[in-house]
Amino acid sequence: MGLTLTEKILKNHIVDGEMVKGTEIGIRIDQTLTQDATGTMAYLEFEAMGVPRVKTERSVAYIDHNTLQNGFENADDHRFIGSVAKKHGIYFSRPGNGICHQVHLERFGVPGKTLIGSDSHTPTGGGIGMIAIGAGGLDVAVAMGGGAYYITCPKVVKVELTGKLQPWVAAKDVILEVLRIMSVKGGVGKVIEYCGEGVKTLSVPERATITNMGAELGATTSIFPSDEITKQFLKAQGREEVWVPLAADEDAVYDEVINIDLSKLVPLAACPHMPDNVKSVKEIGNIKIDQVCIGSCTNSSLLDMMKVAHILKGKTVNPDVSLSIAPGSKQVLNMLAKNGLLSVMIDAGARILESACGPCIGMGQSPNSNGVSLRTFNRNFEGRSGTKDGQIYLVSPEMAAASAITGILTDPRDLGEMPEFTLPEKFDINDNMIVLPADEKDMDSVEILRGPNIKPYPETAPLVEEISCNVSLKVGDNITTDHIMPAGAKILPLRSNIPAISQHCFTVCDEDFPRRAKNLGASIIVGGANYGQGSSREHAALAPLYLGIKAVLVKSFARIHRANLINAGILPLTFVNEADYDKISQGDQIEIKNIRNDISADKTELTVINKTTGDSIPVLCELTGRTKDIILAGGLLDYTRENLK
């Protein structure tokens, strides 16, 4: 029986466990990446481990999230990250060099390698045949120190692509169709592997768009084969020597198969407020729009920008629409400037933003009250744009540009004949915004530069024998990490300061939660299905930890957030019977006895006593040998310290 591409790469990297689906495996990590919203904490954690120099083949620190510097905090974080990178053997991509996933694809990604990043859209690397996975910052720190990264050995879903996209139908429409089929939780515990003749019709940037937004499926990652198209892209980047051919065996067996005929796809959009709320442009109708934002790690490649410039050429943005464009990297921006396409965009009335995440994480460009904003981004969670009642639609660059001209949601197929868009045979290569680390002999002389906003990792303690406390918050289904720990220009600068950022924890749902939780001293949170979907931000676990959260009891967890809770030493519990969710209310006093003994004895079912109502509620605490030891130790940092001694 043949192997899938996913299985081949995982098998080549497994260092702990066996390739049995549903069991935990540890894999060797070749590369890591961080960005500045998560990087400061990741590097504080790396420092705490006492490892002098990273042990990966390549680790890169990017500055692309907190680039709006309206105070000292972000600038101090950037300076700190730069100094840590120089001292500990990490490449440093300076602000202005571009979005981490776009730059990593261009300059560092290698087919067949493993990559984890402290950003949920790290699966972008699957566009060139990597196993690239989003993870919490502490997991990345451990990998940089030479430790394995642990995941549940995934099921593999084959997406069989046939045919070819019709003119003005885009790669964005492919992933929106997959989201429509699978939903935002349909990929949990799975890798999405793209196969079939249709793959050959997609360029690397198009493939990367699809793998990037595969994060919204809840999938572990997504991957394309490494073929001649991959080789051509790497050759154009001056990196042909890293190319290797990679594909699934012809007789590979998949757990699930989805068939998509590319020629039958139509322009699609994800409607407010969820990436899987997908409808065709025809179903939505010609709604009036207020804003268009083009960019993000999903759709900011040179190919995307070429298409946008073609649509805008000789036209003017509708007077009722604000259009902003953020090229994904310095390379893309510079090539647009040299070939005249940047001038085309400016002539049309576009507002050119720096090569950074920007509006995608609520860092500027919030829409007007109740404004309709078309965005080429990957998430449209309620309030993520910075405007609570913003109506955010996720669309292709083609649809976004066409609609910016007309002022209404527009089917790009109305544009008429589409020219052939081809990538250059050679990209402009100038890595002068990437700072190399100090040589090993010079690293001791590098000073780590810390600002006053940089606070240490929250205190942790070994698991207690009994939890007796109140429910400080009860929430519903599909709670995202944006609900738990909001982003945006006001809050992101506090990512290095857990005491300060914790004051914003869950304020989207309940403004009084931080004060109430802190006053209780110890409490638990109760939630619904798919709790913690979205961003990989470990702050959504660290802020609750600081506020005294001892356990989170839900119907089901999103993968990365559950891992982050375990890493923080917070007990992840799920209802045995989902109907028992209704037996607990906010404010109820609950009790869980014999926790430490039960978990030490590998008992997976615990009992929650609701002392307010008298109900006994069975709950699951499914921990493997390693995650059990992490919880008992009080978190991954304590566990790692113990095991490094």
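This is a predicted model: local features need pLDDT of at least 70, side-chain atom pairs count only at pLDDT 80 or more; totals for chains, interfaces and linings use all residues.
Student: What makes the protein chain count as compact as a globular protein of its length?

Tutor: The secondary structure of the chain comes to 21 helices and 27 strands. Its radius of gyration is 24 Å, close to the 26 Å that the globule rule gives for 645 residues, so the chain is as compact as a globular protein of that length. The C-alpha atoms fill a box of roughly 70 × 60 × 60 Å along the principal axes, and residues 24 or more positions apart account for 77% of the contacts with a separation of 6 or more.

Student: How much of the chain is buried, and what share of the accessible surface belongs to carbon and sulfur atoms?

Tutor: Of the 645 residues, 63% count as buried. The accessible surface comes to about 22,800 Å², and 48% of that area belongs to carbon and sulfur atoms. As for the charges, the mean positions of the 64 positive and the 77 negative ones are 2 Å apart.

Student: Why is a group of residues called a nonpolar core?

Tutor: The name applies because the residues in such a set are buried, belong to the nonpolar kinds that are counted, and are joined through side-chain atoms within 4.5 Å. In this model the largest such core has 98 residues, and those with the most contacts inside it are Phe506, Phe513, Tyr531, Val552, Leu571, Leu573 and Ile599. Helix α5, which covers residues 137-144, gives the most to this core, with six residues. A second, separate core of 59 residues includes Val60, Val204, Met305 and Leu374. In soluble globular proteins, nonpolar side chains tend to be buried together.

Student: Which residues does Ile599 touch?

Tutor: Leaving out residues up to four places away in sequence, Ile599 touches Leu463, Leu571, Cys621, Leu623, Lys628, Ile631 and Leu632.

Student: How do you know whether Trp168 is buried or exposed?

Tutor: The cut-off for buried is a relative accessible area under 20%, and Trp168 has 2%, so Trp168 is buried. Trp168 lies in the loop between β9 (155-162) and α6 (171-182), and it has a positive phi of about 70 degrees although it is not a glycine.

Student: What makes Asn594 partly exposed?

Tutor: Partly exposed is the class between the limit of 20% for buried and the limit of 50% for exposed, and the relative accessible area of Asn594 is 42%, so Asn594 belongs in that class. Asn594 is found in the loop between β25 (589-592) and α19 (595-600), and it too is a residue with a positive phi, of about 55 degrees, although it is not a glycine.

Student: Why does Tyr393 count as buried?

Tutor: The relative accessible area of Tyr393 is 12%, which is under 20%, so Tyr393 is buried. Tyr393 is found in strand β19, residues 391-394, and the residues it touches beyond four places in sequence include Ala270, Cys271, Pro272, Val372 and Leu374.

Student: What is the peptide bond from Pro272 to His273 called, and what omega does it have?

Tutor: That peptide bond is cis, with omega near 0 degrees, and His273 lies in the loop between β13 (268-270) and β14 (278-280).

Terms used. Residues are numbered from 1 along each chain as its sequence is written. Side-chain values use heavy atoms; hydrogens and water are left out. Buried means under 20% relative accessible area, exposed over 50%, partly exposed in between (1.4 Å probe, protein chains only). Helices (H or I, at least four residues) and strands (E, at least two) are DSSP runs, numbered from the N terminus. Contact means heavy atoms within 4.5 Å. The radius of gyration is taken over C-alpha atoms; the globule rule is 2.2 Å times the number of residues to the power 0.38. Accessible areas come from the Shrake-Rupley method with a 1.4 Å probe; for residues, only the protein chains shown count as cover. Lys and Arg count as positive and Asp and Glu as negative; His and the chain ends are not counted. The place of a charge is taken as NZ of Lys, CZ of Arg, CG of Asp or CD of Glu.
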